[in-house]
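Here is a short briefing for a first look at this structure. Please keep the sequence and the model in view as you read.

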Amino acid sequence: MPGYIARRSGLLFAVIATIAVMEPGLATADPQPVAPADRAAVEACLALVTANAEKAAQASATEDERPGPEGRLAAAGKEAASRHDSCIGAVAIRCQREPGGATTHGMIACNEREWAVWDERLNRVYKEALDGAEPRLAASLRKTQRNWLAWREGRCALPGIVNEGGSIVGPLFTGCMLETTARQALWLEHSE
């Protein structure tokens with residue numbers, strides 16, 4: 001067992017080192033600059049979700065969920081239109097359907113484009129949350145964010161370990177960074 005752990009630890013180091021020295025445009029430690037059109041796509045999606053949520057809240061009659069897994073899936077499909085996390089992928093999925101977007105390099109680039117939008121949003125929302133926060137809340141938020149950053153880095157390194165450095169590692173890493181960053185931004189933005 002110790003040899004297994006040592007091999008896995010060595011592999012994790014190799015994956016992190018590989019990601020750190022990849023050529024430009026591949027999985028980087030930080031997202032690329034935000035393209036205004038990508039920011040606009042995410043903003044438009046979030047605005048639509050907000051409008052849908054307001055309409056759903058104003059609806060007087062609600063349908064009871066049918067029992068069983070089919071009923072839950074049908075209800076989840078209806079709920080998706082009013083859930084902010086439904087906007088994760090608003091840029092990357094469309095980008096990956098364009099010519100070249102389904103290649104390893106294309107998937108990485110598409111993920112990085114959207115990751116940049118969510119990273120920018122997370123940084124803005126985090127700064128807004130800290131501004132004017134009472135000292136105890138600000139300290140707790142800083143600690144939470146530091147812990148989250150460590151968790152995200154560890155979580156997103158896992159595909160490199162599982163796939164032992166294969167070509168899929170870059171898309172999986174950037175996809176994970178995109179999704180976890182988006183979920184953290186949404187959590188921070190919508191937590192009370």
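Buried means under 20% relative accessible area, exposed means over 50%, and partly exposed lies in between, with a 1.4 Å probe and protein chains only. By that rule, Cys156 and Cys176 are both buried. This is a predicted model, in which local features need pLDDT of at least 70, side-chain atom pairs count only at pLDDT 80 or more, and totals for chains, interfaces and linings use all residues. Residues are numbered from 1 along each chain as its sequence is written, and side-chain values use heavy atoms, with hydrogens and water left out.

**Disulfides**

- A disulfide is a pair of cysteine sulfur atoms within 2.5 Å. The count by this rule is 3.
- Counted along the chain, the bonded cysteines follow the pattern 1-2, 3-4, 5-6.
- Cys45 is joined to Cys87, with an S to S distance of 2.1 Å. Cys45 sits in helix H2 and Cys87 in the loop between H3 and H4, 42 residues apart. Helices (H or I, at least four residues) and strands (E, at least two) are DSSP runs, numbered from the N terminus.
- The link of Cys45 and Cys87 is left-handed, with -90 degrees about the S-S bond. Cys45 is partly exposed at 22% relative accessibility, whereas Cys87 is buried at 0%.
- Cys95 is joined to Cys110, S to S 1.9 Å. Cys95 lies in helix H4 and Cys110 in helix H5, so this pair ties together parts 15 residues apart in sequence.
- The torsion about the S-S bond of Cys95 and Cys110 is about -70 degrees, so this disulfide is left-handed. Both cysteines are buried.
- Cys156 is joined to Cys176, S to S 2.1 Å. Cys156 belongs to helix H6 and Cys176 to helix H7, so the pair ties together parts 20 residues apart in sequence.
- The torsion about the S-S bond of Cys156 and Cys176 is about -80 degrees, so this link is left-handed.

**Nonpolar core**

- A nonpolar core is a set of buried Ala, Val, Leu, Ile, Met, Phe, Trp, Tyr and Cys residues joined through side-chain atoms within 4.5 Å.
- The largest such core has 29 residues, and Val42, Leu46, Ile88, Trp118, Leu178 and Leu188 touch the most other members.
- Helices H2 (36-58), H5 (104-130), H6 (135-162) and H7 (169-190) each give two or more residues to this core.
- Contact means heavy atoms within 4.5 Å. Beyond its neighbours within four places in sequence, Leu178 contacts Ile88, Ala92, Asn111, Glu114, Trp115 and Trp118.

**Aromatic pair**

- The structure holds 1 aromatic pair. Rings of Phe, Tyr and Trp (its six-membered ring) pair if their centres lie within 6.5 Å; planes under 30 degrees apart count as stacked, over 60 as edge-to-face and the rest as tilted.
- The ring centres of Trp115 and Phe173 are 6.4 Å apart and the planes are at 85 degrees, so the pair is edge-to-face.
- Trp115 is in helix H5 and Phe173 in helix H7, 58 residues apart.
- Trp115 is buried at 0% relative accessibility. Phe173 is buried too, at 6%.

**Arg152**

- Arg152 is found in helix H6. Arg152 is buried, with a relative accessible area of 7%.
- Leaving aside neighbours within four places in sequence, Arg152 is in contact with Trp115, Asp119, Met177, Thr180 and Thr181.

**Ser82**

- Ser82 is in the loop between helix H3 (68-80) and helix H4 (92-96). Ser82 is partly exposed, at 26% relative accessibility.
- Apart from neighbours within four places in sequence, Ser82 contacts Val49, Asn52 and Ala53.
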